[in-house]
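Below is a short report for a reader who is new to this structure. It goes through selected strands, helices and single residues in turn.

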Amino acid sequence: MIPYGKQEVTQEDIDAVVSTLKSDFLTQGNQVPDFESSICKYVGSSFAVASNSATSSLHIACLSLGLKKGDSVWTSPITFVASANCALYCGAKIDFVDIDQKTYNMSASALETKLIQADKDNQLPKIVIPVHLAGQSSEMKKIYALSQRYDFKIIEDASHAIGGEYLNQKIGNCKYSDITIFSFHPVKIITSGEGGVATTNNEYLASKMSELRSHGITRNLGSMKGESHGPWFYQQINLGFNYRMTDIHAALGKSQLKRVDSYISKRHEIAQTYNNELANLPITLPQQRKESFSSFHLYIIRLKLNEISNSHLSVFSKLRDEGIGVNLHYIPVYLHPFYAKFNYLSNHFPEAERYYQEAISIPIFPTMSDSNISDVIRSLKNSLN
Ligand SMILES: *Cc1c(COP(=O)(O)O)cnc(C)c1O
């Protein structure tokens, strides 16, 4: 099976991990802060707080922005469930904004329409979480302008998007958001095994997130209440978690980060081959906005169902049968049984519904061979008729 995505681990990565294993610190050493500063330097943010997953980072990002019971968070329905679950962890409500026809990201105009109504109903969200699907940025400038007008915070879920750019600047610089989250799960652009990072330019948010990822404990005298009892002293000043990244994982992440740009160019090469070879098929190819430079974490096609005789399910199954590890990113979050109790109305998200009937992610990853690529193209052509 040619998977839809796959990590590459080099000898250099292995050496970095082994040398950390042989060092004095497997956790709470200098690998995590080193990885964090490499991320800051790469994306152009002031701060980075690593954790054991993007899911954990989303959780502490919401908490650091003061999210609590009674508040609302809005995200895209076409995302991994973690983008929505983070609101529920904080006791807040989650709602969805329909997607853009062209990019399949949260639609900025649907967001505006929903905000106008929510403003009348006194139901404005506290946080909006745009998700950069497949590695293409959401329309951050527009979303940011709306956040100024309607007073909400922004967390970019850039789990797919490290190495991507928006308006010629790296995603993660938080120019149009409070916090950006990246994932280092093995299927993403670069990996630390498991892991995530939150970038921000806000010192308060960075220190709040560092505190929350480690039990709500501080060793910083400035944050303590009263006097220190001595050199052993620390205080728990909040209810936090153990969401720390280990130094072993950070060593892998830091080593992988060196190759992020070469991975992105390889992904663009593959995407270009697909764009050329698949151009005349009855499918919609990934469309890019001119201000975007995608990381191409995913290559998502949509079937033109009125031009082919096969169903979505049969095209998908035929591809799997031929050893092409296609996938569907994503099932609209509100369709999951856990979400049924909130009674979201599918007819509020017509674009997401239509997307779910048509979308297929075909394999794209930097170590794909030319013969892998031609296998995918041949099988796709076969499966459509
Ligand atoms: C992978 C992913 C996450 C969660 O990342 P983990 O590091 O696995 O916790 C969140 N949001 C999106 C959009 C993702 O693709």
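## The antiparallel sheet

Strands β14 (299–303) and β15 (359–362) pair in the antiparallel sense over four bridges. Within this pairing, Ile301 has Ile360 of β15 as its bridge partner. Two strands count as paired if DSSP finds at least two bridges between them. Strands themselves are DSSP runs of E with at least two residues, helices are runs of H or I with at least four residues, and both are numbered from the N terminus. The model is predicted: local features need pLDDT of at least 70 and side-chain atom pairs count only at pLDDT 80 or more, while totals for chains, interfaces and linings use all residues. Residues are numbered from 1 along each chain as its sequence is written, and side-chain values use heavy atoms, with hydrogens and water left out.

The pair belongs to an open sheet of three strands in the order β12-β14-β15, with antiparallel pairing. β12 (283–284) and β15 stand at the edges with a single partner strand each, so one side of each has no neighbour in the sheet. Strands of a sheet pair through backbone hydrogen bonds, either parallel or antiparallel.

## Helix α12

Helix α12 covers residues 350–358, and its buried residues are Glu351, Ala352, Tyr355 and Glu358. They cover an arc of only 130° around the axis, which puts them on the same side of α12. Such an arc is that of the directions from the helix axis to the C-beta atoms. Buried means under 20% relative accessible area, exposed means over 50%, and partly exposed lies in between, with a 1.4 Å probe and protein chains only.

The buried residues of α12 are covered by elements including β14, α10 (312–321) and β15. Contact here means heavy atoms within 4.5 Å.

## Strand β5 and its parallel partners

Strand β5 spans residues 153–157, and four of its five residues are buried, so the strand is largely enclosed by the rest of the structure. Two bridges join β5 to strand β4 (residues 127–129), and the two run parallel. In this pairing Ile127 stands opposite Lys153. Together with helix α6 (residues 140–150), β4 and β5 make a right-handed β-α-β unit. Right-handed means that, with the strands pointing away from the viewer, the path from the first strand over the helix to the second runs clockwise.

Strand β8 (residues 179–183) is also parallel to β5 and is joined to it by three bridges. Ile155 has Ile179 in β8 as its bridge partner.

## Helix α5

Helix α5 runs over residues 108–120, and its 13 residues should span 18 Å at 1.5 Å a residue; the end C-alpha atoms are 19 Å apart, which agrees. The expected span is 1.5 Å times one less than the number of residues. In α5, Ala108, Leu111, Leu115 and Ala118 are buried. Seen down the axis, the buried residues of α5 fall within an arc of 80°, so they line one face of the helix. An α-helix has 3.6 residues a turn, so residues three or four places apart point the same way.

The buried residues of α5 pack against β2 (72–75), β4 and α6. On the face turned away from that buried side are the exposed residues Ser109, Thr113 and Lys120. Asn122 follows α5 and has a positive phi, near 60°.

## Cysteines

How many disulfides are there? With a disulfide taken as a pair of cysteine sulfur atoms within 2.5 Å, the count comes to zero. Cys40 is in no disulfide, and the nearest cysteine sulfur, that of Cys174, is 9.5 Å away. Cys40 counts as buried at 12% relative accessibility.

For Cys90, the closest cysteine sulfur is in Cys62, at 4.9 Å, which is too far for a bond. Cys90 also counts as buried, at 10% relative accessibility.

## Gly70

Gly70 is found in the loop between α3 (54–64) and β2. Gly70 is exposed, with a relative accessible area of 53%. Not counting residues up to four places away in sequence, Gly70 touches Gly91 and Lys93. Lys93 is 23 residues from Gly70 in sequence and 6.8 Å from Gly70 in space, C-alpha to C-alpha.
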